Amino acid sequence: MRYKVMFPGMKSRCFAFLMMMSLAVMAQDQQAPTLAIGDKVPPLKYGTWLKGSPIKKFEKGRLYLFEFWATWCGPCIASMPHLSAFAKENKDIATVIAVNIWEKTGDQPYSSSLPKVQKFVKGMGDKMGFSVITDSKDEWMGNGWMKAAGQDGIPCTFMVKDSVIMWMGHPIELDSIVKVVNSGSYDVMAARKARIERDRKSDSAMAPFQKIYKEYETLVKEQKYAEAIQLLEAGMKEPNQFAGTFGFFKFQTMLEHINEDSAVAFAKEWQKSKPGYVGSAGAVIVNRPGLSRNTYLYGIELIKTLFGTGQPSSMVYNMLAKGYANMSDFAAAVENQEKSVSEAKLALKEGKFAGFITEDTIKEAEKELAEYKKKLGAKDN
Amino acid sequence: MRGVLSALLLIVLSATAVAQVKNPVKWAFSVKKVSGGVFQIHMNATIEQGWHIYSQSTPEGGPIPTAFTFSKNPLVTVSGKVKEIGKVEKHFEPLFKVDVIQFSDKVEFVQLVKVKKGVKTSVNGLVEYMSCNDKECLPPKEEKFSLSLQ
């Protein structure tokens, strides 16, 4: 990845940008999915039915939830207690089947993973309050279901009703989606159309970016930086919404590979046209050691514009402290990091930015503060 | 830093949900000559915000550790183990009942290799790694590399 940090204020651009990155990757690595919502469910082929009674056929009107997981997947394990509660509450209308896939067996046949999975399931006990199966020896469930549907992350749930895939997604959405599907007004073909249309739209919107980004990536790999910058400049001129993104790449490439002063001169001129990426450009500067004082001051100036844009102020102070520390102004680094810590504590108390500011992130910020203080002391002595 | 990164997690998640196919870890491989016949192989991972990869020393029973394999080459001696240079995040994970040792943001793996002075050859190998964020994991993937030593 060529970027470090994206700041909202440019949310839509960031969003588009990140999506593009993923698509650029998709173009290289992945084939288009052959299985979608609304399709008939592929055959169920498993290795061992480890827990619960094997199903003979799909009962009419009943929901079957295939929950894909692996023993090495923390988020999968974390979702199991809730899934057990769900299975219990909905036992009259739904059957939950946890499908173990993608276990690591190296050179051994896939079925050699069975003892490990068995032990795991036994250890989980009631926390796996549903049926559990392992994948077949040819890993049909992992390939013929998950990969065929373009699903590459677990946990992932396939919801099947009357032998048709009604929905696929993260189990976190399960409760709400079951209500929708069972409400009677769920139109699976409309959902399918919407999903395909959405993918198609994002594909065609991203095509110009994808093309340039791929070439750019190759040029950087080959250390042809001047050519990479020429390419980005051409991209900036094209009538699309990615001019800001290419400008940001240009700045980063210049800073990292060409010349710091010309990068900053470019950034100053470029920022006049309000392309966004203010915080991103600032973040690239303050996070990079070994730059000149003037460059850091410019980065700090950019970061300061983030106050009042909805970013947690503790994070803005944290970035400022980093910039000051990199320019060896440890007094200012300590001052800003102290504010970062106190603002973070306040936010935690008020329950703001829940999940983003946590005890852990505060601990980390305090550690950084201690480091800056140590360096300040060393400098004074 | 981690805070800033996680604040953006939501945007990342919604974006990847659309595109579905994820590739949160980028690898870069390079060679650094130390002296006559001694080289450092640098295998650098850049990890998207919110994602992690796992140390080679992650104990059995947790996430799958990152592992390096160097192809046999009679002209090259692989010397010692692969060093990990990065911010180690270690915590006991009650889900797995083992310590999880992970890296975020970036980590550098370095392997020392030796060749007979004046010999030109190459080192080939692969890294196997898996990655997770707070919501999901991607299965182990392999990334191959081939670097010339001279």
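Reader: How much accessible surface does chain A have, and what share of it belongs to carbon and sulfur atoms?
Author: In this predicted model, the accessible surface of chain A comes to about 18100 Å², and carbon and sulfur atoms account for 53% of that area.

Reader: And what percentage of its residues count as buried?
Author: Chain A has 381 residues, of which 51% count as buried.

Reader: How many helices and strands are there in chain A?
Author: Chain A has 14 helices and six strands. Among its contacts between residues at least 6 apart in sequence, 69% join residues at least 24 apart.

Reader: How are helix 6 and helix 8 of chain A oriented to each other?
Author: The axes of helix 6 (residues 188-221) and helix 8 (residues 243-258) of chain A come within 12 Å and cross at roughly 10°, and because angles under 35 degrees count as roughly parallel, these two helices are roughly parallel to each other.

Reader: Which residues make that contact?
Author: Helix 6 of chain A contributes Phe209(A), Ile212(A), Tyr213(A) and Tyr216(A), while helix 8 of chain A brings Thr245(A), Phe246(A), Phe249(A) and Thr253(A). By type, they divide into six nonpolar and two polar residues, with no charged ones.

Reader: Switching to chain B, is His42(B) buried or exposed?
Author: His42(B), which lies in strand 2 (residues 38-47) of chain B, counts as buried because its relative accessibility is 8%, and the cut-off for buried is under 20%.

Methods
Residues numbered from 1 in each chain as written. Chains lettered and ligands numbered in written order. Predicted model: local features only at pLDDT ≥ 70, side-chain atom pairs only at ≥ 80, totals over all residues. Heavy atoms only, no water. Helix = DSSP H or I, 4+ residues; strand = E, 2+ residues; numbered from the N terminus. Buried < 20%, exposed > 50% of the residue type's maximum accessible area, 1.4 Å probe, protein only. Contact = heavy atoms within 4.5 Å. Areas by Shrake-Rupley, 256 points an atom, 1.4 Å probe, with all protein chains shown as cover. Axes fitted to C-alpha atoms, helices over the stretch in contact; angles between N-to-C directions. Parallel < 35°, antiparallel > 145°, perpendicular 65-115°, else oblique. Nonpolar A, V, L, I, M, F, W, Y, C, P; charged D, E, K, R; others polar.
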